[in-house]
Amino acid sequence: MRLAVCAEMVFLDLPFEERVRRIHEAGFDVELWDSRDKDIPALAATGAVFSSMTGYTSGSLVDPDTADHVVQTAESLIPTALELGVSRMVVHPAELVNGKAARPVFRSSGRMWSTGARTLERLGRLGEKHGLTFCLENLNTVLDHPGIPLARAKDTLALVEAAGHPNVKLMLDLYHAQLGEGNLIELVRTALPHIGEVQVADVPGRCEPGTGEINYAAVARALAGAGYQGTVGMEAWAKDDSNAALDAFRTAFTVYAEEKA
């Protein structure tokens, strides 16, 4: 497994480029969110491996009136992804503005399901053309993202399966899944064939592994035992020191290897 760290959430006292450099020098890949306000050539020059970035800027993939915006803005971001060497572009079940639902919806419909599957398939064809994978991220509606339809991991997994395109995968966020559903190890095993990347943070607080209730060493063993060889990204705030948070993340996802040795 490769390990990545979201540069939006650690080393917050440093300029973004320096955050990326610190993460890279610590031996991790880098995740980022909105790339439009970033100095892309400067980020590319750091030599960091960029794991994922947000793959759209407006629209909801489950809304027939705005699904085209998702595809159009995704296409506009592809040059940035290619310049950074990003392999995964992340989309959500509906549009977010500052992390909140742009147009809250509290009941899903069959039309949303069919629109979401078709839009994901369109993104898959776009990704295939450029050698990229679009990953649909599950979210929690309990705390962070109320009003996002089809956000639970079981729903996002069903949408990815319905899209049926090899360039469409699941961004399985275990922090969100713990808040919304739990049963993480079984979820990992069930979703494995469709996972593009796994993201982690602890509950409560959304800080690094070891600060809350999730047994991430057990999750790591389950991932390894299931044969997962992809990326695990820490999308978490540092509870105190960012370097310590990175160390805790690394420990949680390497302890299984030590046990096998």
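Student: In what order do the strands close into a barrel?
Tutor: The order is β1-β2-β3-β4-β7-β8-β9-β10, 8 strands with parallel pairing. Two strands pair if DSSP finds at least two bridges between them. Helices (H or I, at least four residues) and strands (E, at least two) are DSSP runs, numbered from the N terminus.

Student: What should I know about the source?
Tutor: This is a predicted model, where local features need pLDDT of at least 70, side-chain atom pairs count only at pLDDT 80 or more, and totals for chains, interfaces and linings use all residues. Residues are numbered from 1 along each chain as its sequence is written, and side-chain values use heavy atoms, with hydrogens and water left out.

Student: Which strands does β8 pair with?
Tutor: β7 (residues 133-137) is one partner, parallel, over 4 bridges. There, phenylalanine 134 stands opposite valine 168 of β8. β9 (residues 195-200) also runs parallel to β8, again with 4 bridges. Leucine 170 has isoleucine 195 of β9 as its bridge partner, and leucine 172 has valine 198.

Student: And how many bridges join β9 to β10?
Tutor: There are 3, and β9 and β10 (residues 231-234) run parallel. Valine 198 stands opposite valine 232 in β10.

Student: How many residues of β8 and of β9 are buried?
Tutor: In β8 (residues 168-173), 5 of 6 are buried. In β9, 6 of 6 are buried. Buried means under 20% relative accessible area, exposed over 50%, partly exposed in between (1.4 Å probe, protein chains only).

Student: Switching to helices. At what angle do α3 and α4 cross?
Tutor: Roughly 25°, with the axes of α3 (residues 67-84) and α4 (residues 110-130) coming within 10 Å. The two helices are therefore roughly parallel to each other. Angles under 35 degrees count as roughly parallel, over 145 as roughly antiparallel, 65 to 115 as roughly perpendicular and the rest as oblique.

Student: Which residues make that contact?
Tutor: From α3, they include Ala67, Val71 and Ile78; from α4, Thr119, Leu123 and Leu126 are among them. Contact means heavy atoms within 4.5 Å. The contact residues divide into 8 nonpolar, 3 polar and 3 charged. Ala, Val, Leu, Ile, Met, Phe, Trp, Tyr, Cys and Pro count as nonpolar, Asp, Glu, Lys and Arg as charged, and the others, Gly among them, as polar.

Student: Is threonine 119 buried or exposed?
Tutor: Buried, because its relative accessibility is 3%. Setting aside neighbours within four places in sequence, threonine 119 is in contact with Leu61, Ala67 and Val71.

Student: Which strands do α3 and α4 lie across?
Tutor: α3 lies across β3 (50-54), β4 (88-91) and β7, at about 160° to β3. α4 lies across β4, β7 and β8, at about 150° to β7.

Student: Last one: what do the buried residues of α5 pack against?
Tutor: They pack against α4, β7, β8 and α7 (184-191). Among the buried residues of α5 (residues 153-163) are Leu157 and Val160. Just after α5, glycine 164 takes a positive phi of about 60°.

Notes
Axes are lines fitted to C-alpha atoms, for helices over the stretch in contact, and angles run from 0 to 180 degrees between N-to-C directions.
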